[in-house]
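The following paragraphs lead through one protein model step by step. Please keep the sequence and the structure in view while reading.

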Amino acid sequence: MAAPPPNPVPVAYQTAGTSSAVPPWLNKGDNGWQMIAATLVGLQSVPGLVILYGSIVKKKWAVNSAFMALYAFAAVIICWVTWGYKMSFGHKLLPFWGKAGPALGQKFLLEWASLPETTQYYNNGELETAMIQPYYPMATMVWFQCVFAAITIILLGGSLLARMNIKAWMMFVPLWLTFSYTVGAFSLWGGGFLFHWGVMDYSGGYVIHLSSGIAGFTAAYWVGPRSRKDRERFPPNNVLLMLAGAGLLWMGWAGFNGGDPYAANIDSSMAVLNTNICAATSLLVWTGLDVVFFNKPSVIGAVQGMITGLVCITPGAGLVQGWAAIIMGILSGSVPWFTMMIVHKRSKLLQNIDDTLGVFHTHAVAGLLGGILTGIFAEPQLCKLFLPIIISSRGGVYGGSGGKQVLKQIVGGLFIIGWNLVVTTIICNVINLVTPLRMSEEELQIGDDAVHGEEAYALWGDGDYDPSRHNPNYSGDKLPGHRASSGATQVV
């Protein structure tokens with residue numbers, strides 16, 4: 001019998017089951033959307049938050065702030081594939097932690113994606129929901145979850161801008177990823193005890209935003225404040241560029257929330273629409289409050305309102321109806337505004353801890369608010385499209401077990417808060433044994449030029465004035481106490 005003729009179509013383009021490049025379980029649509037969603041979330045960090053951080057701070061801190069985000073993104077990638085992914089989504093070590101291990105081998109990365117600890121059983125031992133197993137390879141899942149881990153630490157860094165020792169930050173990133181982020185991710189997403197108990201966190205209201213807000217606030221306490229001069233006056237160096245970074249953050253949220261069903265399905269569409277409804281509502285409410293109480297709309301305030309709306313809807317993006325997203329937007333535009341503009345100014349604790357970008361208000365307050373509101377408004381049919389517990393998952397407004405769901409949301413939030421307070425405190429104190437957490441007074445006075453030997457703009461403005469770099473008639477004497485710049489840009 002003659003052998004069948006070879007398939008003239010290249011291996012990469014053959015249909016499912018006809019080549020090793022297209023296994024029978026692969027859904028090209030789901031795989032394509034998941035990789036796009038991951039890229040959108042990655043763009044939120046690089047260049048989104050790199051631009052946002054670099055432009056929302058005082059000019060002399062633009063380079064340092066942008067670099068903290070860029071460094072964190074790169075460091076998380078290596079830590080994630082080396083040990084972090086399996087600690088977050090692998091096999092169980094403890095009820096809140098997975099077993100560490102690399103995600104680098106071809107055999108692992110090309111197999112059918114699965115989250116092995118997510119099988120849900122009834123109390124009598126019968127199967128309720130099968131293990132999460134999307135129709136694409138593990139490599140796609142590893143990268144999608146990686147960009148979430150990266151943006152969490154970058155958001156945390158917003159509390160520490162303009163004074164954290166860059167060497168301490170370089171140590172902080174892998175330590176916090178390992179001992180804090182992986183615990184929240186496994187507990188709520190990877191099949192840990194909060195996942196199986198039924199705490200709802202659709203896309204990271206707790207895992208990402210509550211944890212980054214609490215950890216950032218805690219780290220800000222241990223690092224200490226900015227210089228007195230910077231705390232008194234800290235204008236953004238480029239408001240228009242700040243808006244460009246904010247725009248990347250907003251549009252990237254389509255991947256942030258739309259990718260978490262792990263498929264290009266109807267729930268993904270619902271999540272994306274709700275995300276934009278809540279963000280827009282929150283921005284308008286925040287801006288309206290600024291006009292009412294301060295008689296003028298603030299551009300920075302509008303960005304803060306946008307962020308709180310995006311954060312608040314995240315734990316319930318695909319679980320609530322559109323009208324609930326509007327209510328969540330109204331509350332996310334007003335409650336964090338109140339804590340930031342009123343409570344903060346009257347609280348000695350909040351005044352004493354220098355949270356540079358107000359991450360506590362925009363992420364911790366908004367994230368916890370969103371988690372609780374999800375427990376109130378989660379619609380039962382939408383819950384069945386996503387959650388492992390099918391029968392009893394519903395918000396409080398829908399009766400039945402909805403009241404218990406609100407309690408579960410509160411308990412889940414308290415666990416994330418407590419863990420981050422303790423672990424972040426330990427990490428900061430351990431690092432402080434090796435290197436100071438805060439920059440030296442000279443570095444705080446000068447800024448980027450002292451820390452990196454580079455400046456964002458070729459203009460004189462902040463820090464010490466070096467006449468050798470700006471005065472063509474300079475004779476050669478330095479200003480007292482000024483250190484010569486040594487950055488690569490000086491060669492240019």
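A residue is called buried when its relative accessible area is under 20%, and exposed when that area is over 50%. With this term in hand, helix α12 can be read: the model is a predicted one, and in α12 the buried residues are Ala-324, Ala-325, Met-328, Gly-329, Ser-332, Gly-333, Pro-336, Trp-337, Thr-339, Met-340, Met-341 and His-344. An α-helix has 3.6 residues a turn, so residues three or four places apart point the same way. The cover over the buried residues of α12 includes α10, α11, α13 (348-352) and α14 (359-377).

The length of α12 can also be checked. The helix comprises 25 residues, 322-346, and at 1.5 Å a residue it should span 36 Å; its end C-alpha atoms lie 35 Å apart, which agrees.

Helix α5 can be treated in the same manner. Its 23 residues, 166-188, should span 33 Å at 1.5 Å a residue, and the distance of 31 Å between its end C-alpha atoms agrees with this. A bend of about 40° occurs in α5 at Leu-177. Of its 23 residues, 17 are buried, so α5 is largely enclosed by the rest of the structure. At the start of this helix, a side-chain oxygen of Asn-165 comes to within 3.1 Å of the backbone nitrogen of Lys-167.

Most residues other than glycine have a negative phi, and most peptide bonds are trans. Against this background, Val-46 and Pro-47 are joined by a cis peptide bond, with omega about 15°. Pro-47 has its place in helix α1 (residues 28-56).

Tyr-262 is found in the loop between α9 (239-258) and α10 (266-294), whereas Asn-295 is in the loop between α10 and α11 (299-313). Are these two residues buried or exposed? Tyr-262 has a relative accessibility of 8% and therefore counts as buried. Asn-295, with a relative accessible area of 68%, is exposed.

The cysteines remain. A disulfide is a covalent bond between the sulfur atoms of two cysteines. How many disulfides does a search of the whole structure find? The search finds zero. Cys-146, for example, is in no disulfide, and the nearest cysteine sulfur, belonging to Cys-79, is 9.5 Å away; a pair would have to lie within 2.5 Å to count. Cys-146 has a relative accessibility of 2% and so counts as buried. Cys-428 is buried as well, with a relative accessible area of 0%.

Note on methods:
Residues are numbered from 1 along each chain as its sequence is written. This is a predicted model: local features need pLDDT of at least 70, side-chain atom pairs count only at pLDDT 80 or more; totals for chains, interfaces and linings use all residues. Side-chain values use heavy atoms; hydrogens and water are left out. Helices (H or I, at least four residues) and strands (E, at least two) are DSSP runs, numbered from the N terminus. The expected span of a helix is 1.5 Å times one less than its number of residues. The bend at a residue is the angle between axes fitted to the seven residues ending there and the seven starting there. Buried means under 20% relative accessible area, exposed over 50%, partly exposed in between (1.4 Å probe, protein chains only). A polar contact is a pair of N or O atoms within 3.5 Å; within protein, one must be able to donate a hydrogen and the other to accept it, and residues adjacent in sequence count only if both atoms are side-chain atoms. Contact means heavy atoms within 4.5 Å.
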